[in-house]
Amino acid sequence: MIAKKFLLDQSHLDYLKHFQNLRNLSSTNQAIRTIIEQHQLYFSQTEGSVGKIIAAVLEEKYSEFLRSIRVSTQSTERNSQIMLELFNTLFINQFTNITHATLTSFYESEPITEARKAVQENLEAERQRKFSK
C-alpha cells in the first residue's frame, strides 16, 4: 500500500463517515477502497449500456416515424411496379393487337428493358462514386 494525503471538503468526510458506519467498515481507508471498487464495478457494467440506452430512447421516440416511412416506401414501390406493368402493356399494345395486360414477368418490351438497364447503370455509377470518396 502507498500512503497519500488528500484534501477533502467537510461534506466528503461526512459522507465517508456515514458510508463507513452504514457498511460497518473498520476505517475510513476501507470506506474509500470500497467506494472505489464499487465505482469501478458500476463503470464497467454501464460503459456499454449507455449506447443501448440511447438506442432504446431513439427507437421509442422515432419508431412510429420510421414505420410510417416504411409503409410509404412500400406503397410507392407497389405503385411504381403497377406503373411499370401498365407502361409495358402500353408499349406492347402499340405494336400488336393484344388488348389485355401484358405483365413484365411474361414479356418485357424493349423500352422497359432499356430503361431497367439504364437505371441499373446509373445506380452502379452512383455507388462507385460514393465508395471512391
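The model is predicted: local features need pLDDT of at least 70, side-chain atom pairs count only at pLDDT 80 or more, and totals for chains, interfaces and linings use all residues. Residues are numbered from 1 along each chain as its sequence is written, and side-chain values use heavy atoms, with hydrogens and water left out. The protein chain holds 4 helices and 0 strands, where helices (H or I, at least four residues) and strands (E, at least two) are DSSP runs numbered from the N terminus.

**Overall form**
- The order of elements in the protein chain, read from the N terminus, is α-α-α-α.
- The protein chain is more spread out than a compact globule, because its radius of gyration is 34 Å, well over the 14 Å that the globule rule gives for 133 residues.
- That radius is taken over C-alpha atoms, and the globule rule is 2.2 Å times the number of residues to the power 0.38.
- The C-alpha trace spans about 100 × 35 × 25 Å along its principal axes.

**Burial, contacts and surface**
- Of the 133 residues in the protein chain, 11% are buried; buried means under 20% relative accessible area, exposed over 50%, and partly exposed in between (1.4 Å probe, protein chains only).
- Among contacts (heavy atoms within 4.5 Å) with a separation of 6 or more, 10% join residues 24 or more positions apart.

**Two loop residues**
- Asn24 lies in the loop between helix H1 (10–22) and helix H2 (28–46) and is exposed, with a relative accessible area of 70%.
- Asn24 has a positive phi of about 55° although it is not a glycine.
- Most residues other than glycine have a negative phi.
- Ser109 lies in the loop between helix H3 (49–95) and helix H4 (110–132) and is buried, with a relative accessible area of 4%.
- Apart from neighbours within four places in sequence, Ser109 is in contact with Asn88, Phe91 and Ile92.

**Confidence**
- The average pLDDT (the predictor's confidence in each residue, from 0 to 100) of the protein chain is 84, and 98% of the residues score at least 70.
- Among the elements, H1 has the highest mean pLDDT (93) and H4 the lowest (83).
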